[in-house]
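Me: I would like a close look at one part of the model shown below: the pairing of charged side chains. Please set it in the context of the whole chain, and state the criteria behind each term.

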Amino acid sequence: MPARAISSGTLSFGLVSIPFKIYTAASAEGVKFHQLHDKCGNRIKYQVYCPTDDEVVERSSLIKGYEYAKGQYVKFEPDELKALEEEKTHNLEIVEFVPLESVDFVYVEKSYYLGPDKGGHKAYLLLSEAMRDTGRVALGNYVARGKSHLVLIRPYEKGLIMHQLFYENEVRNFDDIDLGDDVKFKPAETKMARQLIEQLSEDRFDQGEFRDEFRARVLEAVEEKVAGKEITTSSEASPAKVIDLFEALKASVEESQERSKRKLKPPKKATAKKRPA
């Protein structure tokens with residue numbers, strides 16, 4: 001089944017305009033639970049309550065407010081917020097091209113596939129090929145839901161992908177993270193750590209080797225409950241023990257070596273059974 005576009009627009013840089021369509025690249029498939037009343041088993045409904053007037057408030061009576069000081073708000077009417085929104089143009093304007101390695105992945109918020117719209121096929125492929133040849137990616141602005149978003153466009157597969165980026169003020173500074181005191185490693189520890197990395201290394205990342213184990217267990221439990229079976233729960237894992245770093249690395253390397261031997265070990269040949277005389 002072909003993918004369905006969620007929006008469309010025009011990508012522009014210089015005097016070049018490329019009509020495009022936007023497709024969802026990925027969506028989370030976590031387990032979703034609902035709040036039920038344990039007495040009757042039906043879903044509950046949430047109400048909006050005002051503690052000052054001690055009453056349930058209708059949704060139509062709500063307005064938005066920005067807290068500029070503790071407990072103090074500036075109120076905004078819907079038409080005031082509407083006037084502050086960006087003009088809806090569906091235009092994606094490329095501002096500059098930069099090397100891909102200069103962009104930190106911590107800024108990536110969401111990803112969307114870009115496909116050519118009617119009349120933009122040739123220019124779309126030309127832009128993709130030119131960025132691939134120059135090793136550059138594009139930074140631009142895209143307006144959606146009344147807000148201008150910073151986006152990155154890069155070659156992907158045979159076309160283009162768009163990453164919606166966080167702004168600088170939305171990403172916390174890593175310098176705020178407490179990394180503890182500086183330590184010096186023994187040569188043996190460094191050697192062992194590198195050896196472990198080499199043994200656990202693969203030529204490429206294969207997403208298909210990984211799956212959401214929690215989601216799989218929940219769905220299995222749902223099937224058991226529907227079938228009227230009793231759910232079995234595993235015992236809680238004991239907390240990890242703090243052991244010597246070198247010993248931990250050594251044990252990890254040995255375990256990895258054993259795992260590799262089991263992978264390479266040829267299967268046993270089936271021996272023919274002797275028939276009774």
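Reply: A residue is termed buried under 20% relative accessible area, exposed over 50%, and partly exposed in between, with a 1.4 Å probe and protein chains only. By this criterion, 18% of the 277 residues in the chain are buried. The model is a predicted one, in which local features need pLDDT of at least 70 and side-chain atom pairs count only at pLDDT 80 or more, while totals for chains, interfaces and linings use all residues. Residues are numbered from 1 along each chain as its sequence is written, and side-chain values use heavy atoms, with hydrogens and water left out.

The chain contains five helices and eleven strands; these are DSSP runs numbered from the N terminus, helices being H or I with at least four residues and strands E with at least two. A contact requires heavy atoms within 4.5 Å. Of the contacts between residues at least 6 apart in sequence, 61% join residues at least 24 apart. The accessible surface of the chain is about 24300 Å², and carbon and sulfur atoms account for 52% of that surface; such areas come from the Shrake-Rupley method with a 1.4 Å probe, and for residues only the protein chains shown count as cover.

Turning to the charged pairs, a salt bridge is defined as a side-chain nitrogen of Lys or Arg within 4 Å of a carboxyl oxygen of Asp or Glu. Two salt bridges are present in the structure. One joins D117 to K21, with 3.9 Å between the closest N and O atoms. This pair links distant parts of the chain, 96 residues apart: D117 is in the loop between strand 8 (108-116) and helix 2 (121-134), and K21 is in strand 2 (residues 16-24). D117 is classed as partly exposed because its relative accessible area is 24%, and K21 falls in that class because its value is 30%.

The side chains of K147 and E170 form a salt bridge with an N to O distance of 4.0 Å. Here too distant parts of the chain are linked, K147 lying in strand 10 and E170 in the loop between strand 11 (159-165) and helix 3, 23 residues apart. K147 is partly exposed at 39% relative accessible area, and E170 is partly exposed at 40%.

S148 belongs to strand 10 (residues 147-156) and is buried, since its relative accessible area is 18%. Leaving aside residues up to four places away in sequence, S148 touches E86, N141, Y142, V143 and Y167. S128 is located in helix 2 and counts as buried at 1% relative accessibility. With the sequence exclusion of up to four places, S128 touches P155, K158, G159 and L160.

Patches consist of residues with over 30% relative accessible area and no salt bridge, like charges being joined within 9 Å and nonpolar side chains (Val, Leu, Ile, Met, Phe, Trp, Tyr) within 5 Å. Lys and Arg count as positive and Asp and Glu as negative, while His and the chain ends are not counted; a charge is placed at NZ of Lys, CZ of Arg, CG of Asp or CD of Glu. E202, D203, D206 and E209 make up a negative surface patch. D203 is situated in the loop between helix 3 (187-199) and helix 4 (213-226), and D203 is exposed at 85% relative accessible area.
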